[in-house]
Amino acid sequence: MRVQVAIIGSGPSGLLLGQLLGNAGIETVIIDRASRNHILDRVRAGVLEEGTARLMDQAGVGARMHAEGLPHNGFSLAFDGRDHRIDLFALTGGSRMLVYGQTELTRDLIDKRDADGQPSVYEAIDVAPHAFDGSRPYVTYEKNGQTHRIDCDFIAGCDGYHGTCRRAVPDSAIRTFEKIYPFGWLGILSEVPPVSDELVYANHPNGFALCSMRSHTRSRYYIQCALDESIEEWSDDRFWSELRRRLPVHHAEAMVTGPSFEKSIAPLRSFVAEPMRFGSLFLVGDAAHIVPPTGAKGLNLAASDVHYLFAGLREYYEDRSASGIDAYSARALARVWKAERFSWWMTTMLHRFPNTGDFDQKIQEAELDYLTHSHAAEKVLAENYVGLPY
Ligand code: FAD
Ligand code: DHB
């Protein structure tokens with residue numbers, strides 16, 4: 001088989017890139033090691049920047065997102081028993097976020113790819129990129145006991161943090177930067193109405209909490225937990241009472257509880273690999289960078305990578321110019337590092353770090369107090385939260 005672009009990974013990055021390229025008449029195949037159902041069942045991010053929503057529109061898959069997504073004009077910072085609303089719409093001159101689960105976005109993209117008859121391979125074993133330092137790269141994988149080879153012009157490594165593409169690059173050609181946080185997020189989904197119309201990010205002596213949602217009847221809640229805890233230790237009752245404790249009284253009293261139908265613990269990490277291009281291999285999304293989830297930047301950053309790479313590849317095929325693909329890594333990384341900075345800052349401001357001294361605790365309190373009294377500080381937060389332009 002031969003295609004123009006072989007895409008490894010059928011997460012949001014690979015699917016969005018595949019759809020945009022397909023619409024532009026550029027042939028792709030998407031190869032994933034997971035099953036279609038596994039990919040469709042994964043529960044992850046939930047808040048889209050306008051840039052991500054625009055890309056979904058550009059890909060021709062925005063209809064359900066606009067019909068079912070919930071536009072959000074602001075969110076709350078809760079600390080010291082009170083709420084402080086960040087009016088994103090007013091502070092940014094008209095930007096808002098859209099609450100629409102990654103699970104739904106993925107489903108829309110997979111359904112469209114199927115409807116268009118674009119090829120995807122699921123449950124592929126030992127997927128590997130080859131010869132990407134030259135002009136004849138190819139991808140191999142095994143399926144049903146047979147080895148398959150796909151020749152291509154380019155390989156898009158959209159295979160997430162644990163994928164194979166970044167690891168295929170020689171150590172001497174790549175530099176990585178990493179920060180591990182000493183806590184995780186315990187998240188649940190429950191079929192109960194959200195505690196508030198908008199998201200609530202809470203800083204409490206017991207740790208961070210986040211009240212989010214997927215719809216008017218489905219809530220997504222997170223609490224900071226220790227890294228050595230397991231979900232078996234967290235009954236639904238224990239989760240709800242700990243969440244209530246970390247919220248201002250008016251939220252705690254308004255909270256509707258019910259059984260959870262998804263419960264998981266995610267570690268928090270900041271990670272960047274530089275550069276994001278190696279010959280004819282491009283790293284995209286989580287394959288190249290991870291942010292801690294505070295601030296909801298992971299999926300949105302994957303989308304901006306896709307935007308830059310799609311623009312470069314289209315220029316290559318339509319105008320026979322390599323300038324866009326040559327600029328891909330530097331363009332993407334400039335935005336990545338600013339989102340890394342923002343996610344690290346939100347995480348540092350809102351979580352309780354083990355062994356924090358009195359000085360660091362006072363600095364965190366001053367940061368929150370400053371934010372609630374300075375319009376300039378609020379503007380900086382809002383500008384970054386809605387996503388820097390691209
Ligand atoms: P992924 O979604 O990871 O997709 C990669 C794809 O590659 C997968 O389908 C995988 O099966 C496939 N793959 C992996 N290895 C191979 C291989 N060797 N061969 C072939 N295929 C392979 N972001 C937020 O903004 N907010 C959140 O609340 C949030 N929660 C998260 C919770 C978890 C548990 C995780 C893991 C991430 C979370 N994120 C969150 C981050 C967000 O989900 C990611 O940034 C986003 O999924 C990145 O998309 P991607 O397509 O680059 O990578
Ligand atoms: C969600 C996740 C986040 O990390 C965040 O900052 C906001 C919302 C969510 O899953 O809904």
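Is Gln361 buried or exposed? Let me begin there this morning, with the reminder that everything I show comes from a predicted model.

Gln361 sits in helix H12, which covers residues 358-373. Its relative accessible area is 16%, and because buried means under 20%, Gln361 counts as buried. If you look past the neighbours within four places in sequence, Gln361 is in contact with Arg352 and Thr356. With Arg352 there is also a polar contact between the side chains, at 3.3 Å.

Now let's step back to the domains. The assignment for the protein chain gives domain 1, made of 5-72 + 93-178 + 269-347, and domain 2, made of 183-268 + 358-386. Between the C-alpha centres of domain 1 and domain 2 the distance is 28 Å. As for how they meet, 24 residues of domain 1 are in contact with 23 residues of domain 2.

That brings me to ligand 2, whose shell draws at least three residues from each of domain 1 and domain 2. There are 14 residues around ligand 2, and the closest are Tyr201, Ser212, Arg214, Tyr222 and Pro293. By type, the shell around ligand 2 divides into 8 nonpolar, 3 polar and 3 charged residues. Three strands each supply at least two residues of that shell: S14 (199-203), S15 (209-213) and S16 (219-225).

Let's go through some distances for ligand 2. An N or O atom in the side chain of Tyr222 is 2.6 Å from an oxygen atom of the ligand. A polar backbone atom of Pro293 is likewise 2.6 Å from an oxygen atom of ligand 2. For Ala296, a polar backbone atom is 3.1 Å from a ligand 2 oxygen. On its own, ligand 2 has 290 Å² of accessible area, and the protein covers 97% of that.

On to ligand 1. How many residues surround ligand 1? The count is 26, and the closest are Ser13, Asp32, Arg44, Gln102 and Asp286. The residues of this shell divide into 9 nonpolar, 10 polar and 7 charged. Here it is helices I would point to: H1 (12-23) and H10 (298-319) each supply at least two residues of the shell around ligand 1.

The backbone comes up several times around ligand 1. A polar backbone atom of Pro12 is 3.2 Å from an oxygen atom of the ligand. A nitrogen atom of ligand 1 lies 3.3 Å from a backbone N or O atom of Arg33. At Asp159, a polar backbone atom is 3.5 Å from a nitrogen atom of ligand 1. The protein covers 84% of the 990 Å² of accessible area that ligand 1 has on its own.

Leu17 counts as buried because its relative accessibility is 0%. Not counting residues up to four places away in sequence, Leu17 touches Ile7, Ala156, Cys158, Val306, Leu309 and Phe310. Leu17 is also 272 residues from His289 in sequence, with 17 Å between their C-alpha atoms.

Over to helix H13, residues 375-385. Which residues of helix H13 are buried? They are Ala377, Glu378, Leu381, Ala382, Asn384 and Tyr385. At the start of H13, a side-chain oxygen of Ser374 comes within 3.3 Å of the backbone nitrogen of Ala376. Just after H13, Gly387 takes a positive phi of about 105 degrees.

The peptide bond from Glu274 to Pro275 is cis, with omega near -10 degrees. Pro275 lies in the loop between strand S17 (260-274) and strand S18 (277-278).

Then there are positive phi values in residues other than glycine. One is Asp126, with phi near 55 degrees. Asp126 is in strand S9, residues 125-130, and counts as exposed at 57% relative accessibility. Another is Ala131, where phi is near 50 degrees. Ala131 belongs to the loop between S9 and strand S10 (138-143), and with a relative accessible area of 37% Ala131 is partly exposed.

Notes. Residues numbered from 1 in each chain as written. Chains lettered and ligands numbered in written order. Predicted model: local features only at pLDDT ≥ 70, side-chain atom pairs only at ≥ 80, totals over all residues. Heavy atoms only, no water. Near = heavy atom within 4 Å. Polar contact = N/O pair within 3.5 Å; in protein donor to acceptor, adjacent residues only side chain to side chain. Areas by Shrake-Rupley, 256 points an atom, 1.4 Å probe, with all protein chains shown as cover. Helix = DSSP H or I, 4+ residues; strand = E, 2+ residues; numbered from the N terminus. Nonpolar A, V, L, I, M, F, W, Y, C, P; charged D, E, K, R; others polar. Domains from an automatic or database assignment. Buried < 20%, exposed > 50% of the residue type's maximum accessible area, 1.4 Å probe, protein only. Contact = heavy atoms within 4.5 Å.
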